Amino acid sequence: QMVFFNTEDNLETVVDDKAIVTIIPNSQFSFDLADMSSSRNTNIFDGSENVISLSRPYNVNFICVYDMMFYPFDSQVCYADIIMKGNVDVYVKLVPDMIEFLGDRELSQYFIRGFSQCQKTIRRGKMGIRVEVLLGRRLIGNALTIFLPTLLLNIIGHSTNYFKPFFFEAVISVN
């Protein structure tokens, strides 16, 4: 099993009916046939010469820490750390190969600039895969909601220096 390390409860992978296991044979496509006692027509591939691939879609919320120092011109990097559970990493090697993002690249405050993945030591010497998601902020939204109103308020405030005092006289009658 694998563990999504930087999630709230360190979620673990499951093998269920959504999981797809495939054997990627070597270039010679060498295998043995099952013996005659088996009722199935089965090809037996040697695990040391062939690759076993397990794929399954997941919908996981990762914990990301944002650095707002350069707001609103900031870019954020969010990590998805995946490690093997227990001591299985002696027998199984996680290899960063392919990531497929099926969601919308336009988010409410950010847009997804890109992805990268690499092998990395995640925790206490355990090797894992780190998927980095680079997020960029949409500047047109900031320009319309932050800079334009601030500029207009500054212009209005500065223009009050040129008003004559009698513009502000008011007559209030009190009975």
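Let's begin with the strands around the largest pocket: β1 (2–4), β5 (51–55), β6 (75–84), β7 (110–123) and β8 (126–137) each put at least two residues into its lining. Strands here are DSSP runs of E with at least two residues, helices are runs of H or I with at least four, and both are numbered from the N terminus. Keep in mind that this is a predicted model, where local features need pLDDT of at least 70, side-chain atom pairs count only at pLDDT 80 or more, and totals for chains, interfaces and linings use all residues. Residues are numbered from 1 along each chain as its sequence is written, and side-chain values use heavy atoms, with hydrogens and water left out.

So what counts as a pocket? On a 1 Å grid over the protein atoms alone, a pocket is an open set of points where a 1.4 Å probe fits, with protein on both sides within 12 Å along at least five of seven lines; lining residues have an atom within 4 Å of a point. The largest pocket holds about 2,200 Å³ of space, a volume being the space filled by probe spheres set on the points, with grid points joined across faces, edges and corners. There are 48 residues lining the largest pocket, and F4, R56, Y58, I82 and M98 are the closest to its centre. By type, the lining splits into 36 nonpolar, 8 polar and 4 charged residues. In that tally, Ala, Val, Leu, Ile, Met, Phe, Trp, Tyr, Cys and Pro are nonpolar, Asp, Glu, Lys and Arg are charged, and the others, Gly among them, are polar.

R56 deserves a stop of its own. You'll find R56 in the loop between β5 and β6, and it counts as buried because its relative accessibility is 19%. Buried means under 20% relative accessible area, exposed means over 50%, and partly exposed is in between, using a 1.4 Å probe and protein chains only. Setting aside neighbours within four places in sequence, R56 is in contact with V14, D16, K18 and A19, where contact means heavy atoms within 4.5 Å.

Next, the nonpolar cores. A nonpolar core is a set of buried Ala, Val, Leu, Ile, Met, Phe, Trp, Tyr and Cys residues joined through side-chain atoms within 4.5 Å. The largest one has 8 residues: F4, V60, A80, I82, M84, L94, I129 and V131. Both β6 and β8 supply at least two residues of this core, and β6 gives the most, with 3 residues. A separate core of 5 residues lies apart from it, with Y110, I112, V133 and L135 among its members.

Now for the cysteines. A disulfide is a covalent bond between the sulfur atoms of two cysteines; here the test is a pair of cysteine sulfur atoms within 2.5 Å. Searching the whole structure turns up 1 disulfide. C64 and C78 form this bond, with their sulfur atoms 1.5 Å apart. Since C64 sits in the loop between β5 and β6 while C78 is in strand β6, the pair ties together parts that are 14 residues apart in sequence. C64 is partly exposed at 22% relative accessibility, whereas C78 is buried at 13%. What about C118? Its sulfur is 14 Å from the closest cysteine sulfur, in C78, and that is too far for a bond. C118 is partly exposed, with a relative accessible area of 31%.

Most residues other than glycine have a negative phi. N10 has a positive phi, near 50 degrees, and sits in the loop between β1 and β2 (20–24). E49 is in the loop between β4 (43–44) and β5, is partly exposed at 44% relative accessibility, and touches N26 and S30, not counting residues up to four places away in sequence. V65, in the loop between β5 and β6, is exposed, with a relative accessible area of 72%.

Finally, head past α1 (139–159): N161 lies in the segment after this helix and is exposed at 55% relative accessibility.
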